[in-house]
Structures are given as C-alpha cells and as structure tokens.
Amino acid sequence: MKVVVIGLDGACWDPILPYINKGELPGYAQFWKNGLHGSLLSTIPYLTQPAWKSYSLGKNPGKTGVYHWTRIDWKEFKFRSLNSLSFHGDDYWDILSEKGHRVSIIDMPSTFPPDKVNGVMISGMNHGDGPWTYPEDFEKQIPSSFVKDGIHLFRRNQDPEVTMDGIESEIKSRFEMAMQLWDADLIHLSVEMNDHVAHFMWNNDHIMYRNFRANDEGIQKILKENKEGYTILMSDHGNGPIEDEFYTNEFLAKEGFLSLKESDSKGVSRESIVNFGTKLRLDRVVNKLPNSIQNRIVKRIRLIDSVMESDPEKRINWKESRVIALDEGLLYINPMYQEEKEQIIDELTKKLSSLKSKSGKSVIKNILRGNEVYWGPYVSDGPDLVAISNEIYHQRLPLSGYLWASDIPEESWGYRFPQVGHHRIKGILGMVGPGIGPREVNASIYDLAPTILKLFGCEIPDDMDGKPII
Ligand SMILES: [Zn+2]
C-alpha cells in the first residue's frame with residue numbers, strides 16, 4: 001500500500017472552488033467531488049514552521065515546543081533561530097521508518113537539518129550550513145531544476161508573469177521529485193511556492209490561476225500513478241486577502257511596553273538592489289554553485305529582502321522592555337518583570353482590545369493567555385498572551401519605524417513588497433483512496449499523523465492530539 005501526501009503551503013478551498021464549479025482543475029476536483037474534503041484547521045499561530053511540524057508530529061506547540069521561527073532568549077538577550085532539532089517528539093514517518101516502511105520526504109519546511117529516515121529526506125526551508133539531504137549523498141541525484149530556496153527572490157521585481165514562470169518550474173520540480181522517489185510506502189511532498197503566490201499575488205487572478213493549474217497538473221499525475229493507494233491533499237494553513245500589515249513591536253514601543261535605542265540603519269534603494277541581482281544574473285547561476293556558497297548568497301538575499309525593516313534584537317533595551325512580540329501576536333513578558341505580570345497583561349489587553357486600524361476596524365479579534373491556547377510540557381516556552389488578529393491584518397515582528405506597512409513611503413521599501421494576502425487558520429483537506437467516498441469533513445492538522453499511522457496499521461501514540469479521520 002502506498003500513501004502520498006501532497007502538501008501545498010498556504011492552500012485553501014475558497015479561491016479554487018469557482019474553478020472546480022466551472023469544470024476546471026480536475027486534480028483538485030477529484031478530492032472535492034469524490035473524496036473526503038473540507039477545511040483543515042491549523043495550529044495557533046498559523047505560521048509555516050510550527051504548523052508543518054504540528055502535522056508531522058500530530059501535536060500542538062505546547063508539546064512540540066516550537067511556536068515560531070525563533071524563540072526569545074531572555075538570558076543572552078537574543079532571538080534564537082529554531083530548526084528541526086528544536087522540536088520535541090517523533091514525526092509519524094519516524095514511526096513508519098521504525099516499522100520498516102520506506103519513506104520519501106520532500107521539501108517540507110522546518111525539516112533542516114534532515115532527519116535519518118528509512119528512505120530519503122530532502123529538507124525544506126529554512127536551510128542552514130551543512131547537508132540538506134538524508135542520505136547526504138542523495139544531493140548528487142537532485143536535478144538542477146529542483147531549486148533549493150530563496151533564489152526566486154531576484155525575479156520578483158519583474159513582470160509577475162515572469163516570476164510565475166520560475167514558480168511554475170519550481171512546482172513542477174517538486175512533483176517530479178515525488179516521481180523520482182516513487183519507490184516508497186509513504187511519500188510526502190511540500191510545495192512551498194504556493195504560499196508565496198498567495199502572499200504577493202493574491203490580487204492577480206491570472207497568476208493565481210496559473211499557480212492552481214501548475215499544482216493541478218502535478219496532482220493529476222500523482223492520482224494517476226497512485227490509483228491503488230491513498231492520496232491526501234493538505235496544507236499547513238490557508239490564506240486570504242489582507243488590508244494592511246501591522247508592526248506589533250512598533251506599537252509596543254509607542255505604548256511604552258517596549259524600549260528601543262535610536263536606529264542607525266541606512267536605507268538602500270530598491271533600484272540599487274534589483275540592479276545588483278540582475279547584473280549578477282544570480283537567479284540563473286546560483287544553483288550551479290557549491291552548496292556553501294549558495295547558503296551564503298541566500299542569507300545575503302534575505303538581508304536585502306527586508307532592508308526597510310530591522311531586526312529588533314540590537315535595538316531593544318532588553319532590561320527596560322516589559323513585553324516583546326513575535327509575529328502574529330505572540331506576546332512575551334520579560335521575566336524580569338514577573339511580579340508585575342498581571343498588571344502588564346491587564347494594561348496590554350485593554351490597549352490591544354481597543355486598537356483600531358486606519359480604516360477604523362478592530363485590529364485584534366481575540367486575546368488569550370498562552371495556557372488557554374496550548375497544552376503539554378512546553379507551554380512555559382510559549383507566549384504569555386496570544387493576540388489573534390482580525391484576519392485582514394497581518395502582525396509582523398520586525399521594526400520599520402511605522403505602525404502600518406501602508407504608512408511606509410515607497411522609496412523606503414527595499415526589495416520586500418507589501419503583502420496582499422496572508423495566512424488564515426483554515427487550510428485545505430482532501431483524501432481519496434480505497435473505500436473512501438465523497439463526504440465533507442472538518443479536521444484539524446493534528447489529525448493527519450494519526451490517520452496515516454492507522455492506514456499503515458501502526459499504533460497511534462497516546463500523546464498525539466489528533467484522531468484518525470477515517
Ligand atoms: Zn506556510
């Protein structure tokens with residue numbers, strides 16, 4: 001028996017259904033019309049790194065220990081990057097590997113450094129130094145069409161149709177890799193670029209359609225090859241249109257919860273950055289370079305990419321700051337102010353509840369304590385408060401000098417573009433296979449690991465938070 005999981009980062013049914021209703025996108029339509037289908041509720045925050053691993057571990061962040069891309073180190077006063085080694089527990093494919101099932105894991109975000117599995121793992125973003133595949137020498141078998149990450153950034157400023165050409169070939173390469181690694185009992189492939197299209201091109205119907213079609217072609221191929229087995233379509237979270245982006249740490253500074261030093265950053269114009277990349281033809285040459293040089297270039301591109309924003313780490317007066325925010329309203333109270341914690345929470349809750357956007361709408365829709373959202377042994381590593389946004393506002397961690405992205409003058413934007421779409425809690429779910437008929441389901445992201453383990457007849461660990469959907 002074979003199980004194939006097609007993981008489309010940031011996918012949801014809403015923008016796809018009108019096409020299915022017109023008789024298009026036959027791959028997606030097979031799940032919608034003939035299989036289990038519905039929303040897949042993500043975790044909180046519905047962010048790529050914690051959400052993907054909540055899928056593979058079947059647990060909430062209170063048990064995985066990871067809530068974001070970074071964690072706040074209050075002892076050393078730093079933001080620490082997290083990677084696959086930061087998570088607690090076994091992925092469901094570790095359990096399958098132990099039972100002798102072969103697995104192929106392709107490009108799932110948050111799997112760097114790669115894990116030893118009974119098969120192959122090609123780790124997904126964010127990559128650091130060191131081997132990015134298991135076994136290490138599998139890298140030699142990866143075709144140059146399978147771009148590792150980040151390289152597409154230099155294509156963004158051109159015609160969106162050109163950007164989409166690059167994205168289409170990246171999508172195709174993920175499905176082709178699934179075919180290259182077809183000889184396994186479990187195949188998981190992630191298509192990260194799906195999320196990128198939603199963030200930056202949600203308002204461009206033609207690009208959105210090209211993206212759906214590119215994925216649909218891959219889905220059709222998988223369904224054709226996997227007639228006897230089970231195929232699951234899922235995402236780490238959904239997406240939807242946004243009105244603006246909100247800089248939470250700027251807000252905390254303005255309201256006196258966060259203390260900042262003066263900025264000494266110098267602006268770089270967007271033109272100079274684009275010219276730099278275009279002149280070097282980085283997008284074309286980078287994936288032919290040795291791995292270590294690729295990593296350095298990708299890091300550099302990331303810095304350039306967010307030139308109008310700055311990392312708060314060096315600008316925070318750590319000892320004088322009572323609250324720091326990560327993205328999506330994860331609010332952490334400085335342990336040095338532990339005695340004032342309840343008072344800080346009260347004050348902050350009042351300010352956030354009454355916060356209005358430039359168009360007069362509430363910015364925050366719900367404020368909860370960390371222990372109301374999470375459960376498990378690592379709740380204390382999580383945020384003290386979670387301020388969940390009105391879904392049309394995305395909360396950002398960096399500093400920009402402005403409360404709202406729409407206030408930033410155009411000449412100050414670096415290579416980063418304002419986002420037009422951002423994450424929603426409801427992702428996509430579809431499942432076809434032997435004995436499965438059309439039925440609507442509403443499942444959570446924690447349910448998929450138990451579901452897949454059940455398909456293989458493996459015992460479901462007691463501490464998984466989900467339950468099988470079949
Ligand atoms: Zn994502």
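The structure is a predicted model, in which local features need pLDDT of at least 70, side-chain atom pairs count only at pLDDT 80 or more, and totals for chains, interfaces and linings use all residues. Residues are numbered from 1 along each chain as its sequence is written. The protein chain holds 15 helices and 20 strands, taken as DSSP runs numbered from the N terminus (helices H or I, at least four residues; strands E, at least two).

**Overall make-up**

- Of the 470 residues in the protein chain, 47% are buried, where buried asks for 20 or more other C-beta atoms within 10 Å of the residue's own, with C-beta atoms placed from the backbone.
- Among contacts (C-beta atoms, placed from the backbone, within 7 Å) between residues at least 6 apart in sequence, 71% join residues at least 24 apart.

- The axes of α6 and α7 come within 10 Å and cross at roughly 160 degrees; axes are lines fitted to C-alpha atoms, for helices over the stretch in contact, and angles run from 0 to 180 degrees between N-to-C directions.
- The two helices α6 and α7 are therefore roughly antiparallel to each other, a label for angles over 145 degrees.
- Pro-160, Ile-167, Glu-170 and Ile-171 of α6 make the contact with Met-193, His-196, Val-197 and Met-201 of α7.

- Strands β3 (residues 70-73) and β4 (residues 78-81) run antiparallel and are joined by four bridges; pairing requires at least two DSSP bridges.
- Thr-70 stands opposite Ser-81 in β4.
- Four residues lie between the two strands of this hairpin, and Phe-77 in the turn has a positive phi of about 60 degrees.

**The four-stranded sheet**

- An open sheet runs in the order β12-β13-β15-β14, with antiparallel pairing.
- At its edges stand β12 (323-326) and β14 (364-369), each with a single partner strand, so one side of each has no neighbour in the sheet.
- From one strand to the next, the twist averages 25 degrees.
- Five bridges join β14 to β15 (residues 385-389), with Ile-367 opposite Ala-387 in β15.
- Helix α13 (residues 341-353) lies across β12, β13 (330-333), β14 and β15, running at about 165 degrees to β14.

How values were computed. A residue is buried if 20 or more other C-beta atoms lie within 10 Å of its own, exposed if 12 or fewer, and partly exposed in between; C-beta atoms are placed from the backbone. Two residues are in contact if their C-beta atoms, placed from the backbone, lie within 7 Å. Angles under 35 degrees count as roughly parallel, over 145 as roughly antiparallel, 65 to 115 as roughly perpendicular and the rest as oblique.
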